[in-house]
Amino acid sequence: MRFVCLLLLTLLAACGGPTVAPRDLARDLEAGQAPLVLDVRSEGEYRSGHIPGAVHVPFTEVAAKTPPEVLRRCRNEPVVVTCEHGPRAMYAASKLRDLGCQAVLLLEGHMARWRKLGLPTTSGAP
């Protein structure tokens, strides 16, 4: 059973697309060279703690309500999408690709891993 679960998790990650390691993203943030980070969790989750500089667009609104400036940026530069554990980010990444975004990456382990590693977060309204 454990093998089946690991295989399923591997397939889900592969379906989501390429990823970026949390420590690599944190390094790029610190250096001022980070890509656009899109947090697709609920507003309450975002307010409770998010990656500094992350733009908030709930995953249910990515297809219809992604701000035009976010779409312009993600069509020309990489975007890292994150949620709490992965499924919402995978959905949002798929929608962003449908909207013409080329380099859509998922944060490995998403916010759960980001916090577990003790990487910086900020809180507050979107």
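Modeller: A search of the whole structure finds nine salt bridges. A salt bridge here is a side-chain nitrogen of Lys or Arg within 4 Å of a carboxyl oxygen of Asp or Glu. Side chains of opposite charge can pair when their charged atoms come close.

This is a predicted model, where local features need pLDDT of at least 70, side-chain atom pairs count only at pLDDT 80 or more, and totals for chains, interfaces and linings use all residues. Residues are numbered from 1 along each chain as its sequence is written, and side-chain values use heavy atoms, with hydrogens and water left out.

Take Glu43 and Arg47. Their side chains meet in a salt bridge, 2.7 Å from N to O. Both sit in helix H3 (residues 43-48), and because they are four residues apart, about one helical turn separates them. Helices (H or I, at least four residues) and strands (E, at least two) are DSSP runs, numbered from the N terminus. Glu43 is partly exposed, at 38% relative accessibility. Arg47 is partly exposed too, with a relative accessible area of 40%. Buried means under 20% relative accessible area, exposed means over 50%, and partly exposed lies in between (1.4 Å probe, protein chains only).

Arg73 pairs with Glu77, and their closest N and O atoms are 3.0 Å apart. Arg73 is partly exposed at 36%. Glu77 is partly exposed at 28%. Elsewhere, salt bridges that share partners join Asp39, Arg41, Glu84 and Arg115 into one network.

Asp28 forms a salt bridge with Arg27, with 3.4 Å between the closest N and O atoms. Asp28 is buried, at 19% relative accessible area.

Now the core. In soluble globular proteins, nonpolar side chains tend to be buried together. A nonpolar core is a set of buried Ala, Val, Leu, Ile, Met, Phe, Trp, Tyr and Cys residues joined through side-chain atoms within 4.5 Å. The largest one has 18 residues, and Leu38, Val40, Cys74, Val79, Val81, Leu96 and Val104 touch the most other members. Strand S2 (36-39), helix H5 (68-76), strand S4 (79-82), helix H6 (87-98) and strand S5 (104-107) each supply at least two residues of this core. H6 gives the largest share, four residues.

Look at Val79. Leaving out residues up to four places away in sequence, Val79 touches Leu36, Leu38, Cys74, Leu96, Ala103, Val104 and Leu105. Contact means heavy atoms within 4.5 Å. A second, separate core has 13 residues, including Ile51, Leu107, Met111 and Leu119.
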